[in-house]
Amino acid sequence: MPMTVQPLPDRPDPTVIAAQNDAFRKLACLGVPPAQPIQGRMHVTRSLMEAGDGFMAEAVKATGAFDTFEPENDPEGWHDFGAVEIRGETVFWKIDLYEADSDFRYGAETPDNPATTMRVLTIMLARDW
């Protein structure tokens, strides 16, 4: 019997956060405009920038296109982490959610509200983790 998870009344809906994270990732990596404004920025690690020969561009594009979320790699259902293979090298990406006016010091109080949440997408080589 399949189990459905109901969001708790005082907790944000993971499907809303997942949709916003997906939309932000597609904006940051692929230039696809979101249906509603989403605040955020993308960072790549120095080793990814220094990889050369178009590797970083491939990693960013693959991050934007990632869509294989499973309970094993997305236990919260937020679509906030993934791994892609580029030329035999594993690349991780992670989205962190911050309170928009906190200078990245505080986690988002209402992570399902894009007006008060600042997303940070970090893309890195797995060996940098």
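In what order do the elements of the protein chain run from the N terminus on? They run α-β-α-α-β-β-β.

**View 1. Overall fold of the predicted model.** The protein chain holds three helices and four strands, taken as DSSP runs (helices H or I, at least four residues; strands E, at least two) and numbered from the N terminus. Residues are numbered from 1 along each chain as its sequence is written. In this predicted model local features need pLDDT of at least 70, side-chain atom pairs count only at pLDDT 80 or more, totals for chains, interfaces and linings use all residues, and side-chain values use heavy atoms, with hydrogens and water left out. The C-alpha trace spans about 50 × 45 × 25 Å along its principal axes.

**View 2. Helix α1, residues 14–30.** The end C-alpha atoms of α1 are 23 Å apart, which agrees with the 24 Å that its 17 residues should span at 1.5 Å a residue (1.5 Å times one less than the number of residues). Just after α1, Gly31 has a positive phi of about 75°.

**View 3. Buried residues of α1.** These are Ile17, Ala18, Gln20, Asn21, Asp22, Phe24, Arg25 and Cys29; buried means under 20% relative accessible area (1.4 Å probe, protein chains only). Their cover includes β1 (39–44), α3 (55–65), β3 (89–99) and β4 (117–125), where contact means heavy atoms within 4.5 Å. Of the 129 residues of the protein chain, 33% count as buried.

**View 4. Contacts across the protein chain.** Among contacts between residues at least 6 apart in sequence, 59% join residues at least 24 apart.

Note on methods: Buried < 20%, exposed > 50% of the residue type's maximum accessible area, 1.4 Å probe, protein only.
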